[in-house]
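Visitor: I would like to learn how to read a model like this one. Could you walk me through it?

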Amino acid sequence: MGNLALTYWNQGKWTEAEKLQVEVMEQRQQLLGPAHPNTLSTMGNLALTYQKQGKWTKAEKLEVEVMEKRQHLLGPAHPDTLTSMANLAATYSNQGKWTEAEKLEVEVMEKFQQLLGPAHPDTLTSMGNLALTYSNQGKWTKAEKLQVEVMEKRHLLLGPAHPDTLTSMGHLASTYLDQGKWTEAEKLYVEVMEKRQELLGPAHPDTLTSMGNLALAYLNQGKWTEAEKLQVKVMEKSQQLLGPTHPDTLIIMGNLASTYWRQGKWAESEKLEVVVIEKRQQLLGLAHPHTLMSMGNLALTYLTQGKWTEAEKLQVKVMEKRQELLGPAHPDTLISMGNLALTFQNQGKWAEAEKLQVEVMEKSHHLLGPAHPDTLTSMGHLASTCSNQGKWTEAEKLHIEAMEKRQQVLDPAHPDILRSMGNLALTYHKQGKLTEAEKLQIEVMEKRQELLGPAHPDTLESMGNLALTFQNQGKWTDAEKLQVEVMESSQQLLGPAHPDTLKSMGNLSLIYWNQGKWTEAEKLQVEIMEKRQQMLGPAHPDTLESMGHLALTYQSQGKVAQAEVLLVQVARKSKEFLESDHPHTQLYLKALNDFQRSQMAYTSISDSEQRNMSVSDYMPMSIEAFRKNSI
């Protein structure tokens, strides 16, 4: 029965495995006694099955019992006792109890070093586990140091192609990825993949895992085509080898959905995520961590598509289940609260967003520490909400604090530091501190060009932000030159209909507009509007924004009837889909009202006065209304 349970376990059939393991455990307790080594082994195996199902309270309770009985029966330094301590530490880690996990893992590592020596396989495994806990806490320097040591010792002891050596290389590559060392990560992942292909074959589960990891490295570098190609290949092989509902297959499908999302293929992403959720609900249950994670991913896809009601509904459900399952301060609970706050932000519910984000930041600070990556991310999100409400002093203060703390613990060119600098620059921009914004944006752009290359999406984003600052400084030539480069690179890298490409086209059209190049502006804006209508639908916020910009350009050219038709459509659709009190709806209604009032004033004066009157004389408010949404 135990062997059959193990077979079920390896197939991801954890319900069947659990049922058998409970039966075996009860029989052994009755036959051998509650403290017999074989009984404790089955209890430990059952705890691992609970772990896989996200039943961490049950797993912890069982593992504490196993550990205490082994300590009493075998002593505190016996290998089996240490193994049970390590398993308990893993359960603590899954619950976000990283301090408790770290304490146990340090003890396990030190005892293994003393008992078995610094190069014993079990010692190296314990060092690797501790490194993963360091990584989860954002202590990447400590994690990297340990992982390098583990890799080198395994390389020397077991050889460069041993499975354990390759596992340690993969863990080190993951830490490189967290630190933004994408070239080093990719190099290691490629080596691991090639050796596993040679050693295990192209369709072995470990080979597929390494291919999936390499795809994630490609994804972080903006190599989305390469990532997608690899993930499709991995998914198809996993479906064939493990079956369409195996947990590993579903992880791969979820990763592919994320790649689709990055590429703006939101329909494909949504379709895949729905399949993953349905299969995980059937296999793992509604409250399993993996099910909730996939629900959260689908909610973000809804958010990007402007389906804010659907996103909010799903995110509330995820948050409440995580609060119930994991507790109000678990890292995953805090992530779901932060995602819900982003949806509130997009709905213009800034008070609700701010309230949630303050709670997330304070709990992250208490649980993870003031310099943990998740704490600093929550500070950045709160700063963004403050900025949207015009609380620029508070936003600036938060961005500076996040940036300085990241500079203390990370490499000066780390992606997170550059993101903090970029966010601070945008806050300067909104306050009219254009010189400070420009200085920061140039630094961010140059570092990204050096680190990521001139065509990486993050590089292009920083170039686009700098172009907007040039625009607001009246440096039209510099702004236009930079924005044209961003648009052309985006078209080549991402495709002509990608959201980022369309955004860059929209920004360029505004630069044309400000220079009075209305024909060029109109041509771009018509193309943007049509592509967004086709891709996102006629009522998506981005579609409405592009319609508003085009209306402004029509108006500037004296195409008053066409402008009014668009403005009426935008205001009506925004009221219908975003609701009347949404900030965007208010802006569109104000723009329409100002337009209609200006037309009444315009028609009441003489023909000679009309000929001497410029557009800027009678349309100041609608210009400002729509430009607010473009930055």
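Visitor: How many salt bridges does a search of the whole structure find?

Guide: First, a word on the source: this is a predicted model, in which local features need pLDDT of at least 70 and side-chain atom pairs count only at pLDDT 80 or more, while totals for chains, interfaces and linings use all residues. Residues are numbered from 1 along each chain as its sequence is written, and side-chain values use heavy atoms, with hydrogens and water left out. A salt bridge here is a side-chain nitrogen of Lys or Arg within 4 Å of a carboxyl oxygen of Asp or Glu. The search of the whole structure gives 26 of them.

Visitor: Which residue forms a salt bridge with Glu191?

Guide: That is Lys195, with the closest N and O atoms 2.9 Å apart. Both residues lie in helix α10, 4 residues apart, about one turn of the helix. Helices are DSSP runs (H or I, at least four residues), numbered from the N terminus.

Visitor: Where in the chain do Lys517 and Glu480 lie?

Guide: Their side chains meet in a salt bridge of 3.0 Å, N to O. This pair links distant parts of the chain, 37 residues apart: Lys517 is in the loop between α25 (499-514) and α26 (518-536), and Glu480 is in helix α24 (residues 476-494). Lys517 is partly exposed at 28%, whereas Glu480 is buried at 17%.

Visitor: What links Lys590, Asp594 and Arg597?

Guide: Those residues are joined in a network of salt bridges.

Visitor: How much area do domain 1 and domain 2 bury between them?

Guide: The size of an interface is often given as the accessible area lost when the parts come together. Here the domain assignment, automatic or from a database, gives domain 1 (222-348) and domain 2 (517-630). They bury about 520 Å² between them, 68% of it on carbon and sulfur atoms; this is the accessible area (1.4 Å probe) that the two parts lose on being put together, summed over both.

Visitor: How many salt bridges does the rule find across that interface of domain 1 and domain 2?

Guide: The rule finds 0 salt bridges there.

Notes. Helix = DSSP H or I, 4+ residues; strand = E, 2+ residues; numbered from the N terminus. Buried < 20%, exposed > 50% of the residue type's maximum accessible area, 1.4 Å probe, protein only.
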